[in-house]
Amino acid sequence: MSGPQTIEDIESRLRERRYIGDRSLATSIFLALKLQKPLFIEGEAGVGKTEAAKVMAEVLGARLIRLQCYEGIDLAHAVYEWNYPRQLLHIRLMGEGTNKTDRLVAEREIFSSEFLLRRPLLDAIDNDDATPPVLLIDEIDRSDEEFEAFLLELLSDFQVSIPEIGTIKARQVPFVVITSNRTREVHDALKRRCLYHWIDYPDLDKEVEIVRARAPEAADGLAREVAALVQGLRGMDLYKVPGVAETLDWARSLAALGATRIDANLVSATMGAALKYQEDLERVREQVPALVEKAQRA
Ligand SMILES: Nc1ncnc2c1ncn2[C@@H]1O[C@H](COP(=O)(O)OP(=O)(O)O)[C@@H](O)[C@H]1O
Ligand SMILES: [Mg+2]
């Protein structure tokens, strides 16, 4: 499959895969591809950042390589690691009493690529894919600054150096998508390497469209009312505001109960699909009738 040629093309191909992106996202993707720059996508949890990268890989017909970041992530989990048990086994199988030359050969063998555990970043750099892969570095805000500094270096020269083997340079640059939920600010230096795109919570019409695309089992009226309900919740002072994932769960839950419209009882009984903190449930509970009424008018 040939890659998308225009911004409109990207937007419609995302939609074909049930991802409702807007023109500005399609523009950012287009430019990132064109300029071969990483795309840095920031936004609250559940606004569709990870999904955007996954769908992009499909659109490009490329392999998705995903690195999920977490606190304490290190190079052994992100780049490569030696397969220690296999190395040991290999040495054992060589047997006792081998001479010095054999030992030197064995040593060279066990530090060859055969004994390398390739983690996502090495995998993305050392690829021979027909189409360059999409490298998703997900939730970078969870990693620490040391890891960020390493990434900065990696993204500037797309090479990895392994002391025992040498330097491996990308023969083709992957399409890099970095996401952040903004639990902390990511360093300017890293952002400077990238094109930046902020994904906001969708407005009502867009969220209705997303529900229709992703939870088609929800009747049209239900889709709209649930989306409007969540829009209402987002205006409240909550500990954790629901994202699009929660809207979808809620619509699916109500559809599973056979509902085609919302009412106060149904909403009260199923609120746990959207609100995951007791304090938030309490805060919303007394306002349910008003919220439902407002959602039905939207
Ligand atoms: N614009 C969108 N179009 C289609 N589905 C979406 C959209 N935005 C969010 N979703 C859905 O919402 C859920 C959460 O999205 P996700 O990408 O995991 O959020 P994030 O990575 O921003 O936390 C997924 O099931 C995704 O399919
Ligand atoms: Mg995500």
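The following legends describe close-up views of a predicted model.

View 1. Glu8 and Arg23 form a salt bridge, with their closest N and O atoms 3.0 Å apart. Because Glu8 belongs to helix α1 (residues 7–16) and Arg23 to helix α2 (residues 23–35), the pair ties together parts that are 15 residues apart in sequence. Glu8 counts as partly exposed, at 43% relative accessibility. Arg23 likewise counts as partly exposed, at 43% relative accessibility. In the model as a whole, the count of salt bridges comes to 27.

View 2. The side chains of Arg15 and Glu209 meet in a salt bridge, at 2.3 Å from N to O. This pair links distant parts of the chain, with Arg15 in helix α1 and Glu209 in helix α10 (residues 204–214), 194 residues apart. Arg15 has a relative accessibility of 33% and therefore counts as partly exposed. Glu209, at 33% relative accessibility, is also classed as partly exposed.

**View 3. Glu11, a buried acidic residue without a salt bridge.** Glu11 is found in helix α1. The residue is buried yet has no salt bridge. The nearest side chain of opposite charge is that of Arg15, 4.1 Å away, whereas a salt bridge requires a nitrogen within 4 Å of a carboxyl oxygen. Leaving aside neighbours within four places in sequence, Glu11 is in contact with Gly21, Asp22, Arg23 and Ala26. Of these contacts, Arg23 is the partner of Glu8 in the salt bridge of View 1.

View 4. The side chains of Arg171 and Asp128 meet in a salt bridge, at 2.9 Å from N to O. The pair links distant parts of the chain, 43 residues apart. Arg171 lies in the loop between β7 (166–169) and β8 (175–180), and Asp128 in the loop between α7 (120–125) and β5 (134–138). Asp128 is exposed, with a relative accessible area of 63%. Salt bridges that share partners join Arg63, Arg118, Asp123, Asp126, Asp128, Asp129 and Arg171 into one network.

**View 5. Surroundings of Cys69.** Cys69 occupies the loop between β2 (64–68) and α4 (75–78). At 0% relative accessibility, Cys69 counts as buried. Not counting residues up to four places away in sequence, Cys69 touches Ile137, Asp138, Glu139, Ile140, Arg142, Ser143 and Phe147. Leu135 is 66 residues from Cys69 along the chain, and the C-alpha atoms of these two residues are separated by 13 Å.

**View 6. Patch of negative charge on the surface.** Glu71, Asp144, Glu145 and Glu146 gather in a patch of negative charge on the surface. Among them, Glu145 is placed in helix α8 (residues 145–157). Glu145 counts as exposed because its relative accessibility is 55%, and the threshold for this class is over 50%.

View 7. Asp157 is found in helix α8. With a relative accessible area of 28%, Asp157 is partly exposed. The C-alpha atoms of Asp157 and Ile168 are separated by 11 Å, the two residues being eleven apart along the chain. Phe158 lies in the loop between α8 and β6 (159–162). Phe158 is buried, with a relative accessible area of 11%. The phi angle of Phe158 is near 45°, a positive value in a residue other than glycine.

**View 8. Positive phi angle at Arg182.** Arg182 is placed in the loop between β8 and α9 (188–193). Phi of Arg182 is near 60°, which is a positive value in a residue other than glycine.

Key
Residues numbered from 1 in each chain as written. Chains lettered and ligands numbered in written order. Predicted model: local features only at pLDDT ≥ 70, side-chain atom pairs only at ≥ 80, totals over all residues. Heavy atoms only, no water. Patch = residues over 30% accessible without salt bridge, like charges linked within 9 Å, V, L, I, M, F, W, Y side chains within 5 Å. Areas by Shrake-Rupley, 256 points an atom, 1.4 Å probe, with all protein chains shown as cover. Lys, Arg positive; Asp, Glu negative; His and termini not counted. Charge placed at Lys NZ, Arg CZ, Asp CG, Glu CD. Helix = DSSP H or I, 4+ residues; strand = E, 2+ residues; numbered from the N terminus. Buried < 20%, exposed > 50% of the residue type's maximum accessible area, 1.4 Å probe, protein only. Contact = heavy atoms within 4.5 Å.
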